[in-house]
Amino acid sequence: MRLVANYRPIPGAADELIGNDGKMRPHWVRFVETMAELGPREVAHRFHLADRHLADSGVVLRVYGDDNGDERAWPLSHIPFLIAAEEWKKLEAGLIQRARLLDAVLADAYGEGHLARDGALPAAIIAGSPEFLRPLVGSKPVGDHHLRIYAVDVGRGPDGRWWVLSDRTQAPSGAGYALENRIALSQALPDVYRAFNVERLAGFFQAFRAGLNALNRHEETRVALLTPGPLNETYFEHAYLARYLGFVLVEGGDLTVRDDTVYMRTISGLKRADVLLRRLDSDFADPLEFNPASRLGVPGLAGAVRQRNVAIANALGSGVVEARAMLGFLPGLARRVLGEELLLPNVATWWCGQTMERDHVIENFDRMVIAPALGATLPGILARGPVLGSALSPEERSELIHAIGRRGSDYVGQEVVRLSTTPVWRGEGENAHLEPRPSILRLYVARSAEGWTVMPGGFCRISDRPDARAVTLQQGGVSADVWVLSDRPVAETTLLSSPDSVALRRTTLTLPSRAGENLFWLGRYLERTEAALRIVRAIAGRLVEAEGNGSSVMTRLVGTLVASGAAVAERGPTQPAGLAFAALTDRTSFNTVPRLAEASRRAASVIRDRLSPDAWRAVADLETFTQRPLHGRTGSDMLERANEALRLIAAFSGLAQENMVRQHGWRFMELGRRIDRGLAIARAARMCGFDARPGDLDALLELADSQITYRIRYVMQAVRVPVLDLVLLDSSNPRALAFQADRIRRALSELPAHAPAGMLAPADRLASRLFAELETGDAATLTTNAIFAHEQTLMRISDEIALAYFTHRAPPGEASGD
């Protein structure tokens with residue numbers, strides 16, 4: 001492989017592979033030689049391993065408006081971004097200095113306001129920012145630091161020095177993706193990774209976690225990661241970080257404020273939440289005091305902040321220092337606040353709120369990038385963000401210059417930045433080679449108990465367009481792992497506690513009500529999907545055997561399918577084949593197989609932090625499979641589709657039964673499964689078990705997956721009383737209604753009590769009564785009305801579970817019991 005034979009840096013852009021002297025940087029020479037030694041086939045195999053790890057782990061990015069769906073596979077560039085040890089030391093020092101400076105500026109902006117009063121920082125940049133939250137002026141954050149996690153986008157200038165392109169202080173994203181990139185690449189290239197002495201990331205996350213945990217004021221409280229929800233573009237990262245760091249993933253609806261104190265809604269009632277790691281923009285955090293249109297935040301959260309009853313990382317309102325206008329003042333602020341020169345220079349920025357700077361921007365308009373000073377966009381020409389002055393039409397140019405002259409404080413002019421480039425892999429086999437592509441490097445700094453800690457690595461975004469001036473993964477960019485190289489062997493670090501410092505526990509950790517509810521409905525949706533597939537399979541099997549459409553058994557199976565809601569007779573063909581096909585393909589009726597699989601995945605996505613990658617993949621695969629077009633309409637086609645879908649559900653069920661710890665989360669999923677399985681078997685018994693022929697009873701045994709047990713036990717054709725006894729009253733049969741009632745009763749008894757001591761809660765009473773009736777029942781005297789009454793009891797149990805565990809109507813006085 002001649003990887004760099006035709007490598008040509010992009011004119012005018014600094015390049016990571018080739019230094020300013022025109023020679024390949026030493027660490028890149030070694031890396032290229034190492035990859036060449038592996039050979040084309042081995043390299044292709046290694047890259048495939050990295051991609052497969054990301055796919056198996058379910059790493060995705062939500063792409064807004066994507067024609068191929070809401071989510072796409074995480075885009076990984078297989079070549080890491082390399083930083084030499086000596087160069088990293090300079091970057092690290094500059095990053096820590098910048099974190100100190102911005103944290104101090106925020107403290108002043110929400111505190112004494114000396115910088116604005118003395119003219120060191122124009123008041124309009126602070127007070128005019130949409131991120132400046134006046135209700136929090138005068139409040140001091142718990143722990144005395146506004147910034148707990150800070151990110152900065154940097155690039156290498158033409159002179160080889162690092163320049164800051166932008167600061168991220170609101171709710172920096174990407175750290176979780178950086179971790180996933182590292183895991184994928186280090187597993188694919190373990191020998192290369194070790195040979196290059198790459199600095200580990202775990203120490204950074206360990207320090208960050210310890211810093212947040214130190215803010216907890218109560219022994220039993222846990223840090224919560226506040227997410228906007230599964231529709232956010234980086235929701236995977238939120239769930240992944242929560243699982244990796246041991247935090248509770250919550251949405252705004254999981255929290256409530258009582259007496260200026262934040263509580264989490266859990267299945268055990270309200271529990272205090274002392275620390276929130278937020279991934280929600282400040283403006284949406286409290287609809288009472290900030291954005292009243294927000295449905296994502298927590299009413300009253302600002303009051304809890306003012307009373308110092310909750311620590312939020314980063315502090316609400318910290319996004320004010322992200323403003324582009326701030327960049328022009330940071331060198332002077334560093335000298336004033338820190339008494340130091342700024343180690344990492346900014347891209348040159350002129351704020352048009354000052355006369356001289358505004359005149360300079362207008363005079364050099366065609367050599368500037370014109371951008372919003374305080375936000376991401378502005379109405380008019382900047383509605384989509386910054387523009388290149390030279391790229392505007394004469395009319396647009398005149399209009400924008402006039403706008404700057406009229407209200408200059410809304411605009412900045414910035415030096416045109418040519419993004420530095422990094423190598424990416426192109427081609428296959430002997431034709432594989434490296435090409436330069438524009439990149440932006442995002443680095444992270446966290447506040448720990450010992451001070452500021454820099455992640456020895458980061459998150460690199462790379463454009464596929466050689467002339468790109470911005471890089472976004474939303475528009476086709478890729479990401480790369482960042483390797484900080486050490487000149488000595490690197491000690492392995494882990495996020496796990498040392499063996500002698502682990503406090504043993506077997507108790508259930510905090511389970512938010514939302515998580516419990518979604519686990520409950522995940523169980524219900526999957527069981528409902530399985531029931532529909534079993535009916536379709538029974539119909540399809542008889543179609544394959546050419547059993548008549550008008551036969552008794554087919555009529556009963558179709559009736560069961562329609563009664564379950566998986567097919568709607570009024571909207572489609574009434575023939576069994578047509579209804580079964582609709583059940584497998586219809587995406588409009590709620591209880592069809594595709595819609596149920598979609599609902600299962602939606603419920604699972606909300607609790608992704610609580611599912612193993614294998615379990616998540618099983619649910620995602622089920623939805624993907626059931627959404628595929630079913631081109632054939634024969635019984636064989638439908639039988640094959642139903643069998644494969646049932647195998648996917650069986651995979652998830654096996655994982656849940658064998659791998660999930662028997663704690664409250666598992667119990668809610670178990671309750672959902674048992675309730676819907678009980679409903680399905682009771683419905684099938686009503687439809688197929690009375691005034692029935694042997695063939696009808698055989699169908700009932702098939703739907704209850706009890707044919708083998710029946711044949712071994714009775715060695716005779718299906719007879720009503722023994723069949724009903726087996727599928728309804730036999731508590732040793734995992735498919736029987738009595739078995740479901742027993743499991744429901746047991747699961748409820750192990751959940752937190754929601755009734756006075758010694759008393760049964762409503763759901764427990766209903767479940768105990770149902771089990772007793774079934775255990776003492778007589779199959780010979782069963783009626784359809786009695787079975788229907790059992791169905792109604794199951795529905796009432798479901799309602800009582802929701803009332804007890806998924807809603808909270810307790811008065812504030814009951815919230816203090818931690």
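When we say that parts pack against each other here, we're talking about contact, which means heavy atoms within 4.5 Å. Keep in mind that this is a predicted model. With that in hand, let's start with a helix and its neighbours.

**Helix α12**
- Helix α12 covers residues 330-338, and its buried residues include Leu 330, Leu 333, Ala 334 and Leu 338.
- Looking down the axis of α12, you'd find its buried residues within an arc of 105°, so they line one face of the helix.
- Those buried residues pack against α3 (85-109), α4 (114-117), β5 (162-168) and α11 (324-327).

- Four strands make an open sheet in the order β13-β16-β14-β15, and their pairing is antiparallel.
- At the edges sit β13 (349-351) and β15 (387-388), each pairing on one side only.
- Strand β14 (residues 368-372) is joined to β15 by two bridges, and Ile 370 stands opposite Val 387 in β15.
- Helix α13 (residues 355-363) lies across β13, β14 and β16 (411-415), at about 120° to β13.
- Helix α14 (residues 394-406) lies across β14, β15 and β16, at about 120° to β16.

**Thr 261**
- You'll find Thr 261 in strand β9, which spans residues 261-266.
- Is Thr 261 buried or exposed? Its relative accessibility is 9%, so Thr 261 counts as buried, the cut-off being under 20%.
- Leaving aside residues up to four places away in sequence, Thr 261 touches Thr 256, Arg 272, Ala 304 and Asn 309.

Key: Residues numbered from 1 in each chain as written. Predicted model: local features only at pLDDT ≥ 70, side-chain atom pairs only at ≥ 80, totals over all residues. Heavy atoms only, no water. Buried < 20%, exposed > 50% of the residue type's maximum accessible area, 1.4 Å probe, protein only. Pairing = 2+ DSSP bridges. Axes fitted to C-alpha atoms, helices over the stretch in contact; angles between N-to-C directions. Arc of directions from axis to C-beta.
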